[in-house]
Every structure is written in structure tokens, then in C-alpha cells.
Amino acid sequence: MANNDFSWMNNPALKNIDAAKLQMLMTLANQGKGKSQKELLPFLMTAASQAKSSGNSFTNDETNLILEVLKQGKSPEETAKIEQMVSLVQKMKQMR
């Protein structure tokens, strides 16, 4: 994804997701830029924990919808990276 390319957030499929949640997601994306995959996983886990404690976490349906929108138009390699990151986050959640 190009720097500051948040056009995916305008996807009509996301219209029912609270604007504050989408803003939080954009902020996280900006903060995560430039992090290696090794740095990104702990960053995402911390962000998810903070969001949950503040009551701003995404439902499973919202998360799945956002991931599907993010994968649209991506190469198979980019899609595989997204799916790999999701898998890692899910494994980390199970370890808690």
C-alpha cells in the first residue's frame, strides 16, 4: 500500500463501521509504517489490547470485512502477506 493511501476506507462495504473505529485504524496504519514484520506483531497485539480495554475493538465481522477490502486488488503475494499476519495475530491471541 502506498504511503497515505487510505482510499480503501471509502469502500462502501465499510459504511456500517463506526467512523471513530476507522479513524483509529488509519492512525494505527500510520504508526505501523516502516516497522518490520518482527516489530509489527507486538505493535498490533498492544494496539488490540488497548482498543479492547477502551471499548473500541472491532467485532469479528468488522475485522473480516476490513481484511477482505484490504485484499481487493492486491497481488497474490500481498494477499498472502496479509493472511500470514492475520494468522500470526490469531496464534498470539490463542497463547494468551
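This dialogue goes through how to read several features of one predicted model.

Me: Which elements have the lowest and the highest mean pLDDT?
Reply: Helices (H or I, at least four residues) and strands (E, at least two) are DSSP runs, numbered from the N terminus. Helix 2 has the lowest mean, 80, and helix 3 the highest, 86.

Me: How many salt bridges are there?
Reply: A salt bridge is a side-chain nitrogen of Lys or Arg within 4 Å of a carboxyl oxygen of Asp or Glu. The count here is 3. In one of them, Glu62 meets Lys21 at 2.9 Å, N to O. Glu62 belongs to helix 3 and Lys21 to helix 1, so this pair ties together parts 41 residues apart in sequence.

Me: Are Glu62 and Lys21 buried or exposed?
Reply: Buried means under 20% relative accessible area, exposed over 50%, and partly exposed in between (1.4 Å probe, protein chains only). Both Glu62 and Lys21 are buried; for Lys21 the relative accessibility is 15%.

Me: Which residues are linked in a network of salt bridges?
Reply: Glu68, Lys71 and Glu83 are. Lys71 bridges to Glu68, the closest N and O atoms being 3.2 Å apart, and both lie in helix 3, 3 residues apart, about one turn of the helix. The side chains of Lys71 and Glu83 also meet at 3.2 Å, N to O. That pair links distant parts of the chain, with Lys71 in helix 3 and Glu83 in helix 4 (residues 76-95), 12 residues apart. Lys71 is buried at 17% relative accessible area, whereas Glu68 is partly exposed at 45% and Glu83 is partly exposed at 43%.

Me: What is Asn56 in contact with, leaving aside neighbours within four places in sequence?
Reply: Contact means heavy atoms within 4.5 Å. With those neighbours left aside, Asn56 is in contact with Lys21, Met24 and Ala51. Asn56 lies in the loop between helix 2 (37-54) and helix 3 (60-71) and is partly exposed, with a relative accessible area of 35%. Asn56 and Lys21 are 35 residues apart in sequence, yet 6.6 Å apart in space, C-alpha to C-alpha.

Me: Which residues make up the largest nonpolar core?
Reply: A nonpolar core is a set of buried Ala, Val, Leu, Ile, Met, Phe, Trp, Tyr and Cys residues joined through side-chain atoms within 4.5 Å. The largest has 11 residues, including Phe6, Trp8, Ile17, Leu25 and Ile66. Helix 1 (19-32) and helix 3 each supply at least two of its residues, and helix 3 gives the most, 4 residues. Apart from this core lies another of 6 residues, among them Leu41, Met45, Met85 and Val89.

Me: Where does the charged end of Lys35 sit?
Reply: A charge sits over a ring if NZ of Lys or CZ of Arg is within 6 Å of the ring centre and within 35 degrees of the ring normal. The charged end of Lys35 sits over the ring of Phe43, 5.2 Å from its centre.

Note on methods. Residues numbered from 1 in each chain as written. Predicted model: local features only at pLDDT ≥ 70, side-chain atom pairs only at ≥ 80, totals over all residues. Heavy atoms only, no water. pLDDT = per-residue confidence, 0-100.
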